[in-house]
Amino acid sequence: MFRKKVRSIAELLPEFLRNEGLETPLQQKRLLDSWDTVVGASISVYCADKFIKNQTLYVKILNPALRADLTMHRSMLVRRLNEQVGALVISDIRFY
């Protein structure tokens, strides 16, 4: 029998992820994975640990001069990272 309420998997998957509480962790994982793409390979070499807590991305930078430079550009990095994911995942970046 043909059902009238047929929906594609593209419609069902986001709804399922949202209902199961998996949408935010998935977006956070995508944002962390996109860090290397956004900052480039030359900067990502000096990055060690990255994690997100309370909509703040924490990144360990091994070079103090690079840490100071990235701190000046953090609003641009927040915007680019959120654009890469397609959602507002983080609101700030802290470098340590």
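This is a predicted model: local features need pLDDT of at least 70, side-chain atom pairs count only at pLDDT 80 or more; totals for chains, interfaces and linings use all residues.
Residues are numbered from 1 along each chain as its sequence is written, and side-chain values use heavy atoms, with hydrogens and water left out.

Trp35 belongs to the largest nonpolar core, which has 20 residues, and together with Leu57, Ile90 and Ile93 it touches the most other members. By a nonpolar core I mean a set of buried Ala, Val, Leu, Ile, Met, Phe, Trp, Tyr and Cys residues joined through side-chain atoms within 4.5 Å; buried means under 20% relative accessible area, exposed means over 50%, and partly exposed lies in between, with a 1.4 Å probe and protein chains only. At least two residues of this core come from each of helix H2 (23-39), strand S1 (47-53), strand S2 (56-61), helix H4 (64-72), helix H5 (74-85) and strand S3 (92-95). These helices (H or I, at least four residues) and strands (E, at least two) are DSSP runs, numbered from the N terminus.

Apart from residues up to four places away in sequence, Phe95 touches Trp35, Val59, Ile61, Arg67, Leu70, Thr71, Arg74 and Leu77. With Leu70, the separation is 25 residues in sequence and 8.0 Å in space, taken from C-alpha to C-alpha.

Let me turn to Thr56, in strand S2, which counts as buried because its relative accessible area is 11%. Setting aside neighbours within four places in sequence, Thr56 is in contact with Phe51, Asp92 and Arg94.

As background, most residues other than glycine have a negative phi. Asn54 counts as exposed because its relative accessibility is 69%, whereas Gln55, at 43%, is partly exposed.

Next comes Ser44, which lies in helix H3 (residues 41-44). Is Ser44 buried or exposed? Ser44 is buried, because its relative accessible area is 17%. Not counting residues up to four places away in sequence, Ser44 touches Asp36 and Val39, and a polar atom of its side chain lies 3.2 Å from the backbone oxygen of Ala41. Ser44 and Ile61, which are 17 residues apart in sequence, are 8.9 Å apart in space from C-alpha to C-alpha.

On the surface, Ile9, Leu12, Leu13, Phe16 and Leu22 form a nonpolar patch with about 480 Å² of accessible area together. Such patches are made of residues with over 30% relative accessible area and no salt bridge, with like charges joined within 9 Å and nonpolar side chains (Val, Leu, Ile, Met, Phe, Trp, Tyr) joined within 5 Å, and accessible areas come from the Shrake-Rupley method with a 1.4 Å probe, where for residues only the protein chains shown count as cover. Leu13, one of the patch members, sits in helix H1 (residues 9-19) and is partly exposed, because its relative accessibility is 44%.

That leaves the charged side chains. How many salt bridges does a search of the whole structure find? The search finds 7, a salt bridge being a side-chain nitrogen of Lys or Arg within 4 Å of a carboxyl oxygen of Asp or Glu. Side chains of opposite charge can pair when their charged atoms come close. Arg7, Glu11 and Glu15 are linked in a network: Glu11 meets Arg7 at 3.7 Å, N to O, and Arg7 meets Glu15 at 2.5 Å, N to O. Arg7 is partly exposed at 40%, as are Glu11 at 47% and Glu15 at 32%. Another salt bridge joins Glu23 and Arg18 at 3.5 Å, N to O, with Glu23 partly exposed at 27% and Arg18 partly exposed at 48%.

Note on methods: Contact means heavy atoms within 4.5 Å. A polar contact is a pair of N or O atoms within 3.5 Å; within protein, one must be able to donate a hydrogen and the other to accept it, and residues adjacent in sequence count only if both atoms are side-chain atoms.
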